[in-house]
Amino acid sequence: MLQISQLTLPVEHADTDLRPALLKRLGIPDAALRGFTIKQRAIDARRQHVNFSYTLLAEVDHEPRVLKALSKDTQTCAAPDETYRQMAPRGEHIVSNRPVIVGSGPCGLFAGLLLARAGRKPILLERGKAAGDRARDVTGFWRRGWDFNPESNVQYGEGGAGTFSDGKLYTQIRDREHRIPWLLKEMVAAGAPEDILIKARPHIGTDRLIKVVRHLREEIISLGGEVRFGSRVSDVVIEDQTMRAVMLADGSVIEGAPIIFAIGHSSRDTFEMLHRNGVPFEAKPFSVGVRIEHPQRLVDQMLYGKWAGHARLGSAPYKFV
Ligand SMILES: Cc1cc2nc3c(=O)[nH]c(=O)nc-3n(C[C@H](O)[C@H](O)[C@H](O)COP(=O)(O)OP(=O)(O)OC[C@H]3O[C@@H](n4cnc5c(N)ncnc54)[C@H](O)[C@@H]3O)c2cc1C
């Protein structure tokens, strides 16, 4: 398999233009190209031109010979192995305890999904409501003058802070283990649009995220897991330096092994409770968030010039440094 990078085509190209451009880059006849897929599609808006820049994966006859014939500056190489080797293999022991996960944000949901697929029937405890009911509380508060609900809002409820985030699905961290493509595939399987798999800056709005988190929850439940809403963890039971159980605000006690706290960064009452119980904490050296808003039309105009608003380009991304 070959990886071909920076294959550029103008904004208004047709899908059928890709194959001839690829053949030209590789210098091979049509019959020698067995097939190809798009790995990534980015928008290159530098130098006053707007182009699509593709990374493709291609299967060709006589691959070593084709590669050797290309000069080094053609941005073509043997495709790297980017398989995400997801989990440790199944163990041999039968584990009787069910894991308990506190929080159903992105972290808790994916922990729950992986444990459910490993046959561990996890119990997810979420202080807020299911995503649909939660969305009604949030829009009611924002637009209809409803009272603020301290347990169902932009931070608390199914999907966590992620459900009402900006929806950006890209990051600047180095993904050495290739988790991100795996994660995006899971999101597509749960109802996210397929183009997030190839867009260089994938994005998905709250409306669709609500559907995605509901599907993730349904899979966890179908595998024997449980997701309990309105279940705020208010205390923990620790014996011999091991957390054995959590206590809910209604006084009920749930044992679990392990117990995973996936509570995000805003659950201060829970941090205080854990601290009181002797759970070690480490302060971040420094963390400041600033939200700056610009009209999208202005950003599109600055980046795309005469192509601003073109349906194929969508909203222009930008970074403020
Ligand atoms: C305005 C905004 C915009 C953002 N935009 C982006 C973006 O575009 N792209 C991006 O990648 N990230 C974005 N983020 C960050 C992203 O939302 C977080 O990194 C992510 O949600 C963290 O996931 P998490 O599962 O760790 O925690 P959270 O999403 O915070 O989830 C924690 C969950 O735990 C529950 N919980 C807390 N305490 C308890 C308890 N005691 N008992 C039971 N349940 C409890 C909460 O109700 C919540 O559902 C944004 C964040 C904000 C606030």
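## Around the ligand

A residue counts as near a molecule if one of its heavy atoms lies within 4 Å of it. Keep that in mind as you look at this structure, which is a predicted model. Here, 28 residues surround the ligand.

## Backbone atoms facing the ligand

Now zoom in on a few atom pairs. Gly162 has a polar backbone atom 3.1 Å from a ligand oxygen. With Arg127, the ligand atom is a nitrogen, and a backbone N or O atom of Arg127 lies 3.1 Å from it.

How much of the ligand does the protein cover? On its own, the ligand has 1,000 Å² of accessible area, and the protein covers 76% of that.

## Two helices side by side

Two packed helices are described by the distance between their axes and the angle between them. Take helix α3, residues 106–117, and helix α6, residues 206–222: their axes come within 9 Å and cross at roughly 30°.

Angles under 35 degrees count as roughly parallel, and α3 and α6 are therefore roughly parallel to each other. As for the handedness, the crossing of α3 and α6 is left-handed.

## Two backbone details in loops

Where does a cis peptide bond turn up? You'll find one joining Ala257 and Pro258, with omega at about -5°. Pro258 sits in the loop between β10 (253–255) and β11 (259–261).

The other spot to check is Gln75. Its phi is near 55°, which is a positive value in a residue other than glycine. Gln75 also belongs to a loop, the one between α2 (63–69) and β4 (76–78).

Conventions: Residues are numbered from 1 along each chain as its sequence is written. This is a predicted model: local features need pLDDT of at least 70, side-chain atom pairs count only at pLDDT 80 or more; totals for chains, interfaces and linings use all residues. Side-chain values use heavy atoms; hydrogens and water are left out. A polar contact is a pair of N or O atoms within 3.5 Å; within protein, one must be able to donate a hydrogen and the other to accept it, and residues adjacent in sequence count only if both atoms are side-chain atoms. Accessible areas come from the Shrake-Rupley method with a 1.4 Å probe; for residues, only the protein chains shown count as cover. Axes are lines fitted to C-alpha atoms, for helices over the stretch in contact, and angles run from 0 to 180 degrees between N-to-C directions. Helices (H or I, at least four residues) and strands (E, at least two) are DSSP runs, numbered from the N terminus. Angles under 35 degrees count as roughly parallel, over 145 as roughly antiparallel, 65 to 115 as roughly perpendicular and the rest as oblique. A crossing is left-handed if the near helix is turned anticlockwise from the far one by less than a right angle, and right-handed if clockwise.
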